[in-house]
Amino acid sequence: MIDVRDPQHERQYRAVQSRDARFDGVFFTAVRTTGIYCRPSCPAVTPKPGNVVFYRSAAAAHGAGFRACRRCRPDTVPGSPEWDHRADAAGRAMRLIRDGLVEREGVEGLAQHLGYSSRQVHRLLVAEVGAGPLALARGARAHTARLLVETTSLTMADVAHAAGFASVRQFNDTMREVYGATPSELRARRRPSPAAGYLTLRLAVRRPFDGTGLVQFLDDHAVPGVEAVREGTYARVVQLPHGPGVVELTPADDHVVARLELSDLRDTSLAVQRCRQLLDLDADPVAIDAVLGADPRLADLVADVPGLRLPGSVDPVETAVRTVVGQQVSVRGARTVLGRVAEQLGEPVTLGLAVEHGLLRSFPSVEVLADLDPESLPMPRSRGRAVATIASAVVAGDVDLSPGADRRATRAALLSLRGIGPWTADYVLMRGLGDPDVLLTTDLVLRRELDARGLTPDDTDRWAPWRSYAGLHLWRQATSPTRITS
């Protein structure tokens, strides 16, 4: 029996009544009389309160026997921002599942990364989101399969293989269960892809969205030959488990148009997730701006740039290397050095989308960086040693830079390495691991701006858990983007 007087049910139902898109991806609305689940902002007629059940994940709705709404497509919403800032085991598990770890290493691999047994992880996730790791991974497979069905001309057998299904039969059964349609029926309803040979899709975002500022930041820090920006479109080479790929991202007001060219379509889901991490697309800008804008000493900055996003990373190891190289040098100087490192150690890439954007190679892998002679790098010897030390520590398992890393433990491990100080460790956590609550109080530019506004580090506690965004606002105010570190 549904208790419509439950305060949580009432709050969620009000969001559905107002079709509040801020809650898309935070929870899902299932209607018992239709057997369908929707995003909160679905334009369909609002069901009666007693007919509605709310779930924390699409997988939980699937498991309860509901299928996805064909009108609002709840599987395409942004991810819940909760999992980006939570540092507990549930948050770490959800970040790893989103990054495809269960597909690559199974539930045992997930449990090993978290330091729990498989049974404990299952119980934890069922309690938190209503579904275990296998169900969550299955939902992600279904979404990837639908993307490939609707945007490519692959045979259904190839789609099943690329999405990670064990058999075509399992693929067909899952698609019917989740979407209430066969793969052939989904393909018959598709719109023609505007770019043959590429995957073209819309990445959902929550508004407001400062996509222009985000692309400008990435342009200012682009590594020659690896990244490029042209007319508001950012492109780069990414290293994925089954080979290199190229992503092209063009922000709009309420979405990002993504074109992907991959060596292997099995990397589709992971490539999309890396794009979302890079552009911070699962953030909740309304919640962030409300906290930061409530401080009169930040209100003007928040009002000037609503929906500010924290530039993230497609590879935390790459971010760590870029951070070390960028210490105490200009962004232009760091870009030059990093371009030489990529030219010297990166793998050549000849994919069509790479040629279109003048991209030549991938950023060097962690294994290559760990094996190199530090003195062979085009940088001061101390920095070369620090680069090799970080890479070696990651390869040895002494430093965890995975999406599910325990951020406190990672910070401590980084600080134990020679040549790595608090500023470097915190910057890696902020951009490499997407920690939304890091304020670089040792940064000279940031400290000057804090002093100018009469703020001490103790005053900034009111900005939690969004201090990373506050720092970016202050940086933008204090200096031009070309002076912000790599």
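This is a predicted model: local features need pLDDT of at least 70, side-chain atom pairs count only at pLDDT 80 or more; totals for chains, interfaces and linings use all residues.

**The sheet and its helices**

Helix α11 (residues 211-220) lies across β6, β7 and β8 (243-251), and α11 runs at about 135° to β6. Contact here means heavy atoms within 4.5 Å; axes are lines fitted to C-alpha atoms, for helices over the stretch in contact, and angles run from 0 to 180 degrees between N-to-C directions. Helices (H or I, at least four residues) and strands (E, at least two) are DSSP runs, numbered from the N terminus.

Residues are numbered from 1 along each chain as its sequence is written, and side-chain values use heavy atoms, with hydrogens and water left out.

Let me turn to the sheet. Five strands form an open sheet in the order β5-β9-β8-β7-β6, with antiparallel pairing; two strands pair if DSSP finds at least two bridges between them. Because β5 (199-204) and β6 stand at the edges, each with a single partner strand, one side of each has no neighbour in the sheet. From one strand to the next, the twist averages 25°.

Leu 199 stands opposite Leu 260 in β9.

Ala 228 has Ala 235 of β7 as its bridge partner. The hairpin of β6 and β7 has two residues between the strands, and Glu 231 takes a positive phi near 50° there.

Next, helix α8. Which residues of α8 are buried? In this helix (residues 156-163), they are Met 156, Val 159, Ala 160, Ala 162 and Ala 163, where buried means under 20% relative accessible area (1.4 Å probe, protein chains only). Seen down the axis of α8, these buried residues fall within an arc of 170°, so they line one face of the helix; the arc is that of the directions from the helix axis to the C-beta atoms. Their cover includes α7 (133-151), α9 (168-179) and α10 (183-188). After α8 comes Gly 164, with a positive phi near 100°.

Conventions
Buried means under 20% relative accessible area, exposed over 50%, partly exposed in between (1.4 Å probe, protein chains only).
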